[in-house]
Amino acid sequence: MIARNANIDLNLLTALDALLEEESVTAAADRLGLSGPAMSRALGRIRRTLGDPVLVRAGRHMVPTPRALEIRAQVRQLVEAAHTVLTPAAPADPARLSRVFTINANDLFVTAIGPPLVARVATEAPGVVLRFLGESHIDVPILRDGAADLELGVIDSREPEIRTQELFTEHGVAVVREGHPLTTGTLTARRYADAPHVNFSRRGRLTGPIDAALAARGLRRKVVATVPTFAATLMMIRDSDAVGLANERTAASTIRALGLRTLPIPLDLPPMTMEMAWHPRQDADAGHRWLRGLVRAVLEKAVGGLAAENPAGEGAEPR
């Protein structure tokens, strides 16, 4: 399809560049994969457009006119610029990046991967700044609106265009202080339900999948508090007999650092798929592709066992 602007055939720039470089209709046609007659017709259109013969015969050869010589360098620059615009971006050079990337994730994710991710960025891309956002108590289209570049965790975005890529599968575990009564004997569903619970919910909800699983057994737990962050949950249970909930793999290092214990929950709870998500406008962005690869590398070292990787931006599914 021929692109036109003010009745000027911009495809003629490529033909003109070849003609000025080769100074031969036949050689220019070979260079562009055109037939001789097609290139002759292109030269005719160029002459009419410029009001100049461009190439004229001198014996057995063709030579450029003064006008052709005057514009040759400019035509070359325009063609090179067009090729640059229409060529896929090269992989980002992290050392030359100067950007702020905003990552949305809950505090457990930030605690698990934030320190090693910041350390890697400081080494590989000193011009990059990471800005971590906490999860909001309301659902907002932060990726669509551009408020965040990347989202990590359980992705429940309702925007159909959002791209997601699976990272790993998580399971919930009960978290208690060392010496908690539930750490001795068999942990049954009834013993678990009878303990006081601190609930994590960014939306302030008092119930969730655990309550549905308990209700199926005719049981009900007592929630003594609900807090908006995992960190608050862990601090509350450290000095009490309350039971908290955390992601087994993501929270492992934090739980160990706080001297807490994890226990398997005696209920049939669905696994959680951890993903990263981004808006399709950043699919091919070289810097964003580098960031997605770096996040995967850091997560692999932090939690291990990531899902098979697709090339960044390729094969990722829209929601």
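A cavity here is a set of grid points where a 1.4 Å probe fits but cannot get out, and its lining residues have an atom within 4 Å of a point. With that in hand, welcome to this predicted model. The structure holds one cavity of 30 Å³ or more, and its largest pocket takes in about 880 Å³ of space.

**The largest cavity**
- The volume of the largest cavity comes to about 40 Å³.
- Around the largest cavity you will find Y192, H197, V198, N199, F200, I210, R221, V243, G244 and L245.
- β10 gives the most to the lining of the largest cavity, namely four residues.
- Sorted by class, the cavity lining has six nonpolar, three polar and one charged residues.

**The largest pocket**
- The lining of the largest pocket is made up of 28 residues.
- Nearest the centre of the largest pocket lie V154, F200, R203, P209 and M272.
- At least two lining residues each come from β7 (150–153), β10, α8 (209–215), β12 and β14 (272–278).
- By class, the pocket lining has twelve nonpolar, eight polar and eight charged residues.

**Where the two linings meet**
- F200 is among the residues lining the largest cavity, and F200 is also one of those nearest the centre of the largest pocket.

Methods:
Residues are numbered from 1 along each chain as its sequence is written. This is a predicted model: local features need pLDDT of at least 70, side-chain atom pairs count only at pLDDT 80 or more; totals for chains, interfaces and linings use all residues. Side-chain values use heavy atoms; hydrogens and water are left out. On a 1 Å grid over the protein atoms alone, a cavity is a set of points where a 1.4 Å probe fits but cannot get out, and a pocket is an open set with protein on both sides within 12 Å along at least five of seven lines; lining residues have an atom within 4 Å of a point. Grid points are joined across faces, edges and corners, and a volume is the space filled by probe spheres set on the points. Ala, Val, Leu, Ile, Met, Phe, Trp, Tyr, Cys and Pro count as nonpolar, Asp, Glu, Lys and Arg as charged, and the others, Gly among them, as polar.
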